[in-house]
Amino acid sequence: MGTQAMMDTTFDISGKVVVLTGGSGTLGSSWARHLAGAGAKIVILGSTPSRVEKVKKNLLKITPDILGFAGSVLDRSHLEQIKGKVLKKWGRIDALVNAAGGNRPGATIGKEETIFDLNLEDFKQVTRLNLDGTVIPSIVFGEAMADQKTGSIINISSMTATQAVTRVVGYSASKAAIDNFTRWMAVEMARKFSQNIRVNAIAPGFFIANQNRKLLIREDGSYTERGQAVIDKTPMNRFGAPEELNGALHWLISDASSFVTGTILPVDGGFSAFSGV
């Protein structure tokens, strides 16, 4: 038996077509670089044309197999058009990473506010972006997986989904709903379409991104009161680096996780394991 035949390809994702919503964000672009470096064909979806083009330009230095589209993950017709273009170019969709999401100030309870100050319109918008922004792409691109009888959908959960992390009520509620949808969709796809279609979620701990940097870290690099509270409940005593999510994502896309579906995988430095006492 030759050396090539003996190579373990369990973790090999080269040639796999991966659609990445929120691909122009801090975490999304980090994942895109990793996946491109591993030989995957990448489809970047983002809301801002200039940011999508910037990420696409950087990825083209790694591989020519890059597509980029700007628009809303809430626009089903837009996503259907993208699906058609991807299938025309590469013939299949092997993985979908639902990384689009976010928060709004009105859906967050300020330090001197209570739940009764909640802006319900902002709450609805946050829920729509995070939950609907996961459900709609899952339906659109998941249909291609149903047709081909194989695929992997990876949603993005949060530590706020299972614990009462103060202030972020809208974000927490929508991420908790994503956990439920992940399990529901996993059962639906496996029972009705194929055992080779898997749906899982990654639940990141606290990572520094543009959205939360000022909330957690002061300009001089020291922790804010909230930042220190997070560190105190994280046994590894630090925030995560974006690249530390790459392994979990890679695993869930690869055949190495072929019997894993309906799971919520924490990547959190022990945050979810620690009571704080």
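Tutor: Begin with the secondary structure. This is a predicted model, and its protein chain has 9 helices and 7 strands.

Student: How compact is the protein chain for its length?

Tutor: Its radius of gyration is 19 Å, close to the 19 Å that the globule rule gives for 277 residues, so the chain is as compact as a globular protein of that length. Along the principal axes, its C-alpha atoms fill a box of roughly 65 × 45 × 40 Å.

Student: What share of the residues is buried?

Tutor: Of the 277 residues in the protein chain, 48% are buried.

Student: Where do nonpolar side chains tend to be in soluble globular proteins?

Tutor: They tend to be buried together. Here the largest nonpolar core has 28 residues, and Val43, Ile82, Val86 and Phe141 touch the most other members. Elements that each supply at least two residues of this core include β1 (17–21), β2 (41–46), α4 (76–90) and α5 (120–148). The most comes from α5, with 8 residues.

Student: Which residues does Val43 touch, not counting those up to four places away in sequence?

Tutor: Val43 touches Val17, Val18, Val19, Leu20, Leu67, Phe69, Ile82, Val86 and Trp90. There is also a second, separate core of 27 residues, which includes Ala40, Ile66, Ala248 and Val260.

Student: And how far apart in sequence are residues in contact?

Tutor: Take the contacts between residues at least 6 apart in sequence: 71% of them join residues at least 24 apart.

Student: What about the accessible surface?

Tutor: It comes to about 13,800 Å² for the protein chain, and 53% of that belongs to carbon and sulfur atoms.

How values were computed. Residues are numbered from 1 along each chain as its sequence is written. This is a predicted model: local features need pLDDT of at least 70, side-chain atom pairs count only at pLDDT 80 or more; totals for chains, interfaces and linings use all residues. Side-chain values use heavy atoms; hydrogens and water are left out. Helices (H or I, at least four residues) and strands (E, at least two) are DSSP runs, numbered from the N terminus. The radius of gyration is taken over C-alpha atoms; the globule rule is 2.2 Å times the number of residues to the power 0.38. Buried means under 20% relative accessible area, exposed over 50%, partly exposed in between (1.4 Å probe, protein chains only). Contact means heavy atoms within 4.5 Å. Accessible areas come from the Shrake-Rupley method with a 1.4 Å probe; for residues, only the protein chains shown count as cover. A nonpolar core is a set of buried Ala, Val, Leu, Ile, Met, Phe, Trp, Tyr and Cys residues joined through side-chain atoms within 4.5 Å.
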